[in-house]
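Open your viewer and keep the sequence panel beside it. We will go from stop to stop, and at each one you will hear what to select and what to look for.

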Amino acid sequence: MVALVPFVVPIVGDKTLLVWELSSGPTAEALQHSLFIVFSQFRLLYSVRVFPNAAVAGPGFYAIIKFYSARDAHRAQKACDQKQLFQTSPVKNSQS
């Protein structure tokens with residue numbers, strides 16, 4: 001049995017997670033890969049983008065992760081907030 005999933009760009013904020021307090025040690029590309037591995041466990045991702053912190057925030061990165069489903073984004077947010085996902089310090093995330 002095959003299920004067809006419509007390709008729709010997520011534009012509603014309840015499908016987006018903001019993840020911050022990412023370590024400054026690895027490269028942005030390595031963080032993007034690690035975030036993809038962790039958050040894709042909660043279903044299909046639309047995009048994972050990693051950005052350097054603003055100069056006033058200090059070293060490190062933050063990420064914006066978009067899901068196709070608001071339910072999957074909510075599950076990921078609940079499961080991963082304040083957890084040490086792939087770095088020694090916990091990450092924080094919130095649903096936009």
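Start by selecting L17 and I65: L17 stands opposite I65, which is in β3. This is a predicted model, in which local features need pLDDT of at least 70 and side-chain atom pairs count only at pLDDT 80 or more, while totals for chains, interfaces and linings use all residues. Residues are numbered from 1 along each chain as its sequence is written, and side-chain values use heavy atoms, with hydrogens and water left out.

**Stop 1**

Two strands are said to pair if DSSP finds at least two bridges between them. Strands of a sheet pair through backbone hydrogen bonds, either parallel or antiparallel.

**Stop 2**

Colour the four strands that form the open sheet, in the order β2-β3-β1-β4, with antiparallel pairing.

**Stop 3**

Next, select residues 28-39, helix α1. Helix α1 packs on the sheet and touches β1, β2, β3 and β4; its direction makes about 145 degrees with that of β2. α2 packs on the sheet as well, touching β1, β3 and β4, and its direction makes about 150 degrees with that of β4. Contact here means heavy atoms within 4.5 Å.

Zoom out for a moment. The protein has two helices and four strands, and from the N terminus on its elements run β-α-β-β-α-β. Helices (H or I, at least four residues) and strands (E, at least two) are DSSP runs, numbered from the N terminus.

**Stop 4**

Which residues of α2 are buried? Select D72, A73, A76, Q77 and C80 to see them. Because they cover an arc of only 135 degrees around the axis, they sit on the same side of α2; the arc is that of the directions from the helix axis to the C-beta atoms. An α-helix has 3.6 residues a turn, so residues three or four places apart point the same way. The buried residues of α2 pack against β1, α1, β3 and β4. Turn the model, and the face of α2 away from its buried side shows the exposed residues R71 and K78. Buried means under 20% relative accessible area, exposed over 50%, and partly exposed in between (1.4 Å probe, protein chains only). Over the protein, buried residues make up 27% of the 96 residues.

Look at both ends of this helix. At the start of α2, a side-chain oxygen of S69 comes within 3.2 Å of the backbone nitrogen of R71. Just after α2, Q82 takes a positive phi of about 65 degrees, although Q82 is not a glycine. Most residues other than glycine have a negative phi, and most peptide bonds are trans.

**Stop 5**

Finally, select Q87, in the loop between α2 (70-80) and β4 (92-95). Is Q87 buried or exposed? Q87 counts as buried, because its relative accessibility is 12%. The side chain of Q87 reaches the backbone oxygen of E21 at 2.9 Å, and a polar atom of that side chain lies 3.2 Å from the backbone oxygen of S89. A polar contact is a pair of N or O atoms within 3.5 Å; within protein, one must be able to donate a hydrogen and the other to accept it, and residues adjacent in sequence count only if both atoms are side-chain atoms. Leaving aside neighbours within four places in sequence, Q87 is in contact with E21, L22 and S23.

End on E21, which is in strand β1. E21 is partly exposed, with a relative accessible area of 40%, and has a positive phi of about 65 degrees although it is not a glycine.

Conventions:
Axes are lines fitted to C-alpha atoms, for helices over the stretch in contact, and angles run from 0 to 180 degrees between N-to-C directions.
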